[in-house]
Amino acid sequence: MHDLNLTAKELHEQEEQRLMLQQVNNADAHSTVSTTGSRSSGSSSSSASSDSSVEEAETAVVEMLLETYFMHVDNTYNKLQTLHEYIGDTEDLVNIKLDQHRNQLITIDLILTACTTVLAMMTVVGAWFGMNLDSGLQEAPGVFTDVALYSSVIGVALLLLFVFWLWRAKLIIY
C-alpha cells in the first residue's frame, strides 16, 4: 500500500537525499567520529518512529483513494448490470410483440383459406351445372339460379360458422 503512493515515495526519496547531504555536511564539519556516530544513531531512531507514522498516514491516504475508486467501479458495474437487465426486458417485449403479430398473420391466413374453400365449393356447384351432361335440370327454368344462390348462402354460412368457432375458441382476438 505504501509503495502505491508514488508522490509520497518521490518526496521520501528527495527527503532521504537531503538528509544524506546534511549528514555529509555535518560529518565534514565535525572531525570526531564519536560525535557523528552518536548523532546519527539518535537521528535514525527518531527518523524510524516518524517514518512509521508517515507510512501509516500514507497508507491511509492510499486506502482512501482505492476505496473511492472501488466505489466508482462498483457504481459503474451496478449501472451496467441494470442496463443489461433493461436490454433483456426490452428484447423479451419485442419478442412478445413479434409473436403476437405472427399469431395475427396466422389467423388471417386461416380465415383467407376458409374463404378460398367456400369459393371452391361454389365453383364446384357451377362446374357441375356447366358440364355437358344430360340430366334434365338444365332445361328447367330457374333451377340454376336457385342452386347457385343456395350454395352461395350455405358457403357463406359455413364461413361465418367457422369464424364464430375460431372466435369462440379464442383463436381470433379482435
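The entries below run from the whole chain to single side chains.

**Ground rules.** I am working with a predicted model, where local features need pLDDT of at least 70 and side-chain atom pairs count only at pLDDT 80 or more, while totals for chains, interfaces and linings use all residues. Residues are numbered from 1 along each chain as its sequence is written, and side-chain values use heavy atoms, with hydrogens and water left out.

**Confidence.** I checked pLDDT, the predictor's confidence in each residue from 0 to 100. The chain mean is 80, and 79% of residues reach 70 or more. Helix H3 has the highest mean among the elements (87), and H1 (residues 6–29) has the lowest (76). Over residues 31–43 I found pLDDT under 50. For that stretch the model has six contacts beyond four places in sequence, a contact being heavy atoms within 4.5 Å. Where pLDDT is low, the predicted coordinates should not be read in detail.

**Fold.** I counted three helices and zero strands, taken as DSSP runs (H or I, at least four residues, for helices; E, at least two, for strands) numbered from the N terminus. Of the 174 residues, 9% count as buried, which means under 20% relative accessible area, with exposed over 50% and partly exposed in between (1.4 Å probe, protein chains only).

**UniProt check.** The unreviewed UniProt entry lists residues 105–129 and 149–167 as "transmembrane region"; such annotations may be inferred rather than shown by experiment. In the model, residues 105–129 are 100% helix, with end C-alpha atoms 36 Å apart. Residues 149–167 are also 100% helix, and their end C-alpha atoms lie 27 Å apart.

**Ser-151.** I found this residue in helix H3 (residues 143–168). Is Ser-151 buried or exposed? Ser-151 is buried, because its relative accessible area is 14%. Its side chain reaches the backbone oxygen of Ala-148 at 3.0 Å. Leaving aside neighbours within four places in sequence, Ser-151 is in contact with Met-122 and Val-125.

**Salt bridges.** I looked for a side-chain nitrogen of Lys or Arg within 4 Å of a carboxyl oxygen of Asp or Glu, and the count came to two. Arg-18 pairs with Glu-15, the closest N and O atoms being 3.4 Å apart; both lie in helix H1, three residues apart. Asp-99 pairs with Arg-102 at 2.6 Å between the closest N and O atoms. Why are Asp-99 and Arg-102 separated by about one helical turn? Because they are three residues apart in helix H2 (residues 33–130). Arg-102 counts as partly exposed, at 46% relative accessibility.

Key: Polar contact = N/O pair within 3.5 Å; in protein donor to acceptor, adjacent residues only side chain to side chain.
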